[in-house]
Amino acid sequence: MAERDPRTGDPQLDRVMAEFKANSRELSDVMGLVGDVAGEAASPDGKVRVRVTASGQLTGLQIDPRAMRLGSQELAEAILDASRRAAEDAARRVMEVTRPYL
């Protein structure tokens with residue numbers, strides 16, 4: 001089946017439609033790149049490692065067996081701190097990916 005000619009006969013409208021189509025494709029490409037972004041961080045002692053998506057969703061958590069000697073509150077704080085820093089890392093990476101398009 002032949003593709004329909006997208007021209008309208010109005011040069012200005014044709015230009016606007018072509019720009020919209022190009023921008024839509026570019027936006028789709030950027031969204032794909034953002035979807036691949038992940039942030040990572042570790043506790044200062046390296047006993048807790050966290051990985052999050054661009055939106056901050058936790059996708060990975062590694063707890064070194066030595067961390068089990070920490071109190072529950074200290075372990076919870078290490079996980080939360082690493083998660084926060086991983087989210088900051090992801091946000092920084094999103095900015096790097098999207099900067100050329102802004």
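**Close-up views of a predicted model**

**Figure 1. The largest nonpolar core.** Val48, Val50, Val52 and Ala86 touch the most other members among the 14 residues of the largest nonpolar core. Two or more residues of this core are given by each of helix 1 (11-35), strand 2 (48-53) and helix 2 (72-98). Helix 2 supplies the largest share, which amounts to six residues. The structure shown here and in the following views is a predicted model.

**Figure 2. The surroundings of Val50.** Leaving aside residues up to four places away in sequence, Val50 touches Gly39, Glu40 and Ala41, together with Leu58, Gly60 and Leu61. Val50 also touches Ile79, Ala82, Ser83 and Ala86. Val50 is one of the core residues that touch the most other members, as is Ala86. Arg84 lies 34 residues from Val50 in sequence, and the two C-alpha atoms are 9.3 Å apart in space.

Figure 3. Three strands form an open sheet in the order 1-2-3, and their pairing is antiparallel. Strand 1 (38-42) and strand 3 (58-63) are the edge strands, since each pairs on one side only. From one strand to the next, the twist averages 10°. In general, the strands of a sheet pair through backbone hydrogen bonds, in either a parallel or an antiparallel manner. Here, strand 2 and strand 3 pair in the antiparallel sense over five bridges. Arg51 has Gly60 of strand 3 as its bridge partner.

Figure 4. Lys47 is placed in the loop between strand 1 and strand 2. Its relative accessibility is 19%, and Lys47 therefore counts as buried, the cut-off being under 20%. Apart from neighbours within four places in sequence, Lys47 is in contact with Gln62, Ile63, Asp64, Arg66 and Ala67.

**Figure 5. Helix 2 along its length.** Helix 2 consists of 27 residues and reaches 39 Å from its first C-alpha to its last. This span is close to the 39 Å expected at 1.5 Å a residue. The buried residues of helix 2 are Leu75, Ala78, Ala82, Ser83, Ala86, Asp89, Ala90, Val94 and Thr98. Of these, Ala82, Ser83 and Ala86 are also touched by Val50.

Figure 6. Arg84 is found in helix 2. With a relative accessibility of 42%, Arg84 counts as partly exposed, because this class covers values between 20% and 50%. The side chain of Arg84 makes a polar contact with the side chain of Glu88, at 3.0 Å.

**Figure 7. Thr98 in helix 2.** Thr98 belongs to helix 2. Thr98 has a relative accessible area of 11% and is therefore buried, as values under 20% are classed in this way. The side chain of Thr98 reaches the backbone oxygen of Val94 at 2.9 Å. When residues up to four places away in sequence are not counted, Thr98 touches Val30 and Val34.

**Figure 8. Ala22 in helix 1.** Ala22 lies in helix 1. The relative accessible area of Ala22 is 36%, so Ala22 is partly exposed. Ala22 and Ala86 are separated by 64 residues in sequence and by 33 Å in space, C-alpha to C-alpha. Ala86 is among the buried residues of helix 2.

Conventions:
Residues are numbered from 1 along each chain as its sequence is written. This is a predicted model: local features need pLDDT of at least 70, side-chain atom pairs count only at pLDDT 80 or more; totals for chains, interfaces and linings use all residues. Side-chain values use heavy atoms; hydrogens and water are left out. A nonpolar core is a set of buried Ala, Val, Leu, Ile, Met, Phe, Trp, Tyr and Cys residues joined through side-chain atoms within 4.5 Å. Buried means under 20% relative accessible area, exposed over 50%, partly exposed in between (1.4 Å probe, protein chains only). Helices (H or I, at least four residues) and strands (E, at least two) are DSSP runs, numbered from the N terminus. Contact means heavy atoms within 4.5 Å. A polar contact is a pair of N or O atoms within 3.5 Å; within protein, one must be able to donate a hydrogen and the other to accept it, and residues adjacent in sequence count only if both atoms are side-chain atoms. The expected span of a helix is 1.5 Å times one less than its number of residues. Two strands pair if DSSP finds at least two bridges between them. Axes are lines fitted to C-alpha atoms, for helices over the stretch in contact, and angles run from 0 to 180 degrees between N-to-C directions.
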